[in-house]
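Open the model in your viewer and keep the selection tool at hand. This tour goes stop by stop, telling you what to pick and what you will find there.

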Amino acid sequence: MSENRDRKLLALLRRNARMSVTDLAKALHVSRSTIQSRIARLEAGGVIRGYSVVLGGDYLEGQVEAHVSIKVHQKLTSRTNAELEGISQVIQLFAVSGEYDLIAIVQAGTLEELSRVLDDIGNLEGVERTNSAVVLETRFRR
């Protein structure tokens, strides 16, 4: 398969990682065995690291999300990262350049829970300051 077909294969899997090998083969006009071997190579090569659940519907609509910029004391970065990983409402953590060191994506069931989590993050040892932006509406997600 060509690099262009690999990109198309990855795009199809991003849209629906549960798409059958048969349907992938039909969409890309190649054999099932070609798709199976290409997926295996992409997994072995680390291009595809895994598959995950993408939440949606009423469950996701009921969640409150915030993007939290975090300034960290440099000597405590590893410890702070580990503590943030232990907070289940922190669903993603990015190291970034600029005034802040990290951006955490936080999801909670209620505004009260979100407020508690934001307080917990701000009170972590090593956190100098935070700046939060609550997501009002998601226009699209890929």
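## Start at helix H1

This is a predicted model. Select helix H1, residues 3-15. What covers its buried residues? The cover includes helix H2 (21-28) and helix H3 (32-44).

In H1 they are Asp 6, Leu 9, Leu 12 and Leu 13. They sit on the same side of H1, because they cover an arc of only 125 degrees around the axis. An α-helix has 3.6 residues a turn, so residues three or four places apart point the same way.

Turn to the other side of H1. Glu 3, Arg 14 and Arg 15 are exposed there.

Check the length while you are here. H1 has 13 residues. From its first C-alpha to its last, H1 reaches 19 Å, close to the 18 Å expected at 1.5 Å a residue.

## Step back to Ser 2

Select Ser 2, in the segment before H1. Is Ser 2 buried, partly exposed or exposed? Ser 2 counts as partly exposed, because its relative accessibility is 37%, and the range for that class runs between 20% and 50%.

Ser 2 and Tyr 59 are 57 residues apart in sequence. Their C-alpha atoms are 39 Å apart in space.

## On to helix H2

Select H2, residues 21-28. Which residues of H2 are buried? They are Leu 24, Ala 25 and Leu 28. Look down the axis of H2: these buried residues fall within an arc of 100 degrees, so they line one face of the helix.

Show H1 and H3 as well. The buried residues of H2 pack against both of these helices.

His 29 is found in the loop between H2 and H3. Its phi is near 60 degrees, a positive value in a residue other than glycine. Most residues other than glycine have a negative phi.

Is His 29 buried or exposed? His 29 counts as exposed, because its relative accessibility is 68% and the cut-off for exposed is over 50%.

## Into the largest pocket

Next, find the largest pocket. Its volume is about 1200 Å³. To locate the pocket, select Arg 14, Ser 52, Val 53, Val 54 and Arg 142. Of the 25 lining residues, these lie nearest its centre.

Which element gives the most to the lining? That is H1, with four residues. At least two residues each come from H1, strand E1 (64-72), strand E2 (90-95) and strand E3 (102-108).

Colour the lining by residue type. Twelve of its residues are nonpolar, six are polar and seven are charged.

Keep Arg 142 selected. Arg 142 belongs to the segment after strand E4 (127-134). Arg 142 is exposed, with a relative accessible area of 88%.

Along the chain, Arg 142 and Ala 11 are 131 residues apart. Their C-alpha atoms are separated by 9.9 Å.

## Last stop: Leu 93

Go to strand E2 and select Leu 93. Leu 93 counts as partly exposed, at 32% relative accessibility.

What does Leu 93 touch, not counting residues up to four places away in sequence? Its contacts are Asn 81, Leu 84, Leu 102, Ile 103 and Ala 104.

Finish with one distance. Leu 93 and Val 106 are 13 residues apart along the chain, and 9.0 Å separates their C-alpha atoms.

Note on methods
Residues numbered from 1 in each chain as written. Predicted model: local features only at pLDDT ≥ 70, side-chain atom pairs only at ≥ 80, totals over all residues. Heavy atoms only, no water. Expected span 1.5 Å × (residues − 1). Buried < 20%, exposed > 50% of the residue type's maximum accessible area, 1.4 Å probe, protein only. Arc of directions from axis to C-beta. Contact = heavy atoms within 4.5 Å. 1 Å grid on protein atoms, 1.4 Å probe; cavity = no way out; pocket = protein on both sides within 12 Å on 5 of 7 lines; lining within 4 Å. Points joined across faces, edges and corners; volume = space filled by probe spheres on them. Nonpolar A, V, L, I, M, F, W, Y, C, P; charged D, E, K, R; others polar.
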